[in-house]
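Please find below a colleague's note on the model shown here. The points are numbered so that each may be checked against the structure in turn.

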Amino acid sequence: MASESRKSMLHGVLLVTLFSCAAFYIAESGFITSLSLSPLIVGIILGMLYANSLRNNLPDTWVPGIKFCSKQILRLGIILYGFRLTFQSVIAVGREAIVIDLIIVAVTLFLGLALGKLLKMDKDITLLTATGSAICGAAAVLGAESVIKPQPYKSAVAVSTVVIFGTVAMFVYPALYSSGFFSLEETEMGVYTGSTLHEVAHVVGAGNAMGDTISDTAVIVKMIRVMLLAPVLLIMSLFIRNRHAADKSGKRKITVPWFAFGFIAVIGFNSLNLLPFSVVAFINGFDTFLLTMAMTALGAETSIEKFRQAGAKPFLLAALLFIWLMGGGYLLARFLGPLL
């Protein structure tokens with residue numbers, strides 16, 4: 001019986017693996033590359049296509065394998081994400097970027113929660129959308145998903161919102177900069193781009209369109225935001241505990257996101273530069289594949305009907321946060337940056 005259970009789980013994992021391989025192949029096509037859409041985003045789209053077409057024709061016994069990818073493999077992916085960062089890169093960019101990143105992340109989270117309450121939105125979707133907008137898009141939603149443990153479709157909705165507005169920003173920023181609309185120097189524009197765009201891929205895409213100086217600064221500033229994922233997840237776990245404690249049936253213990261500590265530990269190890277560049281590059285590629293599997297698995301649990309159930313409010317929330325990131329981020333880079 002246990003052997004059959006493991007075999008069924010393996011079928012689900014293999015299914016997600018095949019979809020993830022397809023996601024990598026599609027992400028390398030010319031059109032998708034021009035949009036700077038990562039394999040993670042392609043993966044969740046493929047997962048959603050599966051959920052709304054073939055899902056009912058495959059055995060339910062495969063579901064545990066899919067859920068394994070959206071839980072355990074996800075956490076391993078978040079831990080290994082630390083190999084993209086070093087503490088040296090944070091020091092090199094200066095306090096200006098660190099302060100602006102802290103303000104952007106804190107205000108975006110609190111503003112998102114306040115607007116979600118005002119709009120009377122689902123609390124899980126609100127927190128996931130705010131986290132994705134504040135930190136690093138889909139990867140941040142995945143991290144928060146492991147702490148909040150919502151229904152899978154809620155994570156998919158949140159990912160969709162940050163991807164849409166992040167993609168729009170990726171094209172808007174270079175256009176406005178080249179037209180002279182942004183009165184920012186190259187370094188300031190790099191800080192602005194890295195501190196406000198959603199996905200790492202969006203930052204790379206927009207930065208490359210505006211020159212090497214802007215691109216290099218933007219990526220480092222973005223990585224500082226990514227590094228803030230760990231403390232945000234720790235605070236979020238306390239928030240979730242307090243929320244459940246307020247419920248009549250709430251005797252839930254605090255969810256400690258141990259993978260967040262692993263994430264920080266990996267950053268520290270990577271800062272020692274003990275591994276050759278080729279090894280780190282391989283780990284980062286493998287990590288991207290793991291995160292793509294997690295995204296695909298989340299998509300596989302998401303049907304169009306669940307999007308209808310979520311309604312338009314998550315997209316309205318993401319739009320309002322996008323307006324804040326563009327406007328507020330510009331003011332911070334333009335006026336606060338030179339003072340630091």
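1. Ser70. At 5% relative accessibility, Ser70 counts as buried, where buried means under 20% relative accessible area, exposed over 50% and partly exposed in between (1.4 Å probe, protein chains only). Ser70 lies in helix H4, residues 63-80; helices (H or I, at least four residues) and strands (E, at least two) are DSSP runs, numbered from the N terminus. Leaving aside neighbours within four places in sequence, Ser70 is in contact with Glu145, Ala294, Ala297 and Leu298, contact meaning heavy atoms within 4.5 Å. Ser70 and Gly299 are 229 residues apart in sequence, yet their C-alpha atoms are 9.4 Å apart in space.

2. Basis of the values. This is a predicted model, in which local features need pLDDT of at least 70 and side-chain atom pairs count only at pLDDT 80 or more, while totals for chains, interfaces and linings use all residues. Residues are numbered from 1 along each chain as its sequence is written, and side-chain values use heavy atoms, with hydrogens and water left out.

3. Overall composition. The secondary structure of the protein chain comes to 17 helices and zero strands. Of the 340 residues in the protein chain, 54% are buried. Among contacts between residues at least 6 apart in sequence, 83% join residues at least 24 apart. The protein chain exposes about 15300 Å², and carbon and sulfur atoms supply 68% of that area; accessible areas come from the Shrake-Rupley method with a 1.4 Å probe, and for residues only the protein chains shown count as cover.

4. Helix H15. Where does this helix sit relative to the rest of the structure? Of the 24 residues of H15, 17 are buried, so the helix is largely enclosed by the rest of the structure. Its end C-alpha atoms are 35 Å apart, which agrees with the 34 Å that 24 residues should span at 1.5 Å a residue; the expected span is 1.5 Å times one less than the number of residues.

5. The structure holds three salt bridges, each defined as a side-chain nitrogen of Lys or Arg within 4 Å of a carboxyl oxygen of Asp or Glu. In one of them the side chains of Arg84 and Asp287 meet at 3.1 Å, N to O. Arg84 lies in the loop between H4 and helix H5 (87-93) and Asp287 in helix H15, so the pair ties together parts that are 203 residues apart in sequence. Asp287 is buried, with a relative accessible area of 0%, whereas Arg84 is partly exposed at 28%.

6. The side chains of Asp122 and Lys154 meet in a salt bridge of 3.0 Å, N to O. This pair links distant parts of the chain, with Asp122 in the loop between H6 and H7 and Lys154 in helix H9, 32 residues apart. Lys154 also meets Asp124 in a salt bridge, at 3.7 Å, N to O. Here Asp124 in helix H7 and Lys154 in helix H9 are 30 residues apart. Asp124 and Lys154 are buried, while Asp122 is partly exposed, with a relative accessible area of 32%.

7. Helix H6 and the residue beyond it. Helix H6 (residues 95-118) has 24 residues and reaches 34 Å from its first C-alpha to its last, close to the 34 Å expected. Its buried residues include Ile100, Ile104, Leu109 and Leu115, together with Glu96 and Asp101. Just after H6, Lys120 takes a positive phi of about 60°. Lys120 is exposed, with a relative accessible area of 72%.

8. Lys149 has a positive phi of about 55° although it is not a glycine. Lys149 is found in the loop between helix H8 (138-148) and helix H9 (152-178), and at 44% relative accessibility it counts as partly exposed.

9. Surface patch. Phe269, Leu272, Leu274, Leu275 and Val279 form a nonpolar patch on the surface, with about 420 Å² of accessible area together. Patches are made of residues with over 30% relative accessible area and no salt bridge: like charges are joined within 9 Å, and nonpolar side chains (Val, Leu, Ile, Met, Phe, Trp, Tyr) within 5 Å. Leu275 lies in the loop between helix H14 (258-271) and helix H15 (277-300) and is partly exposed, with a relative accessible area of 31%.
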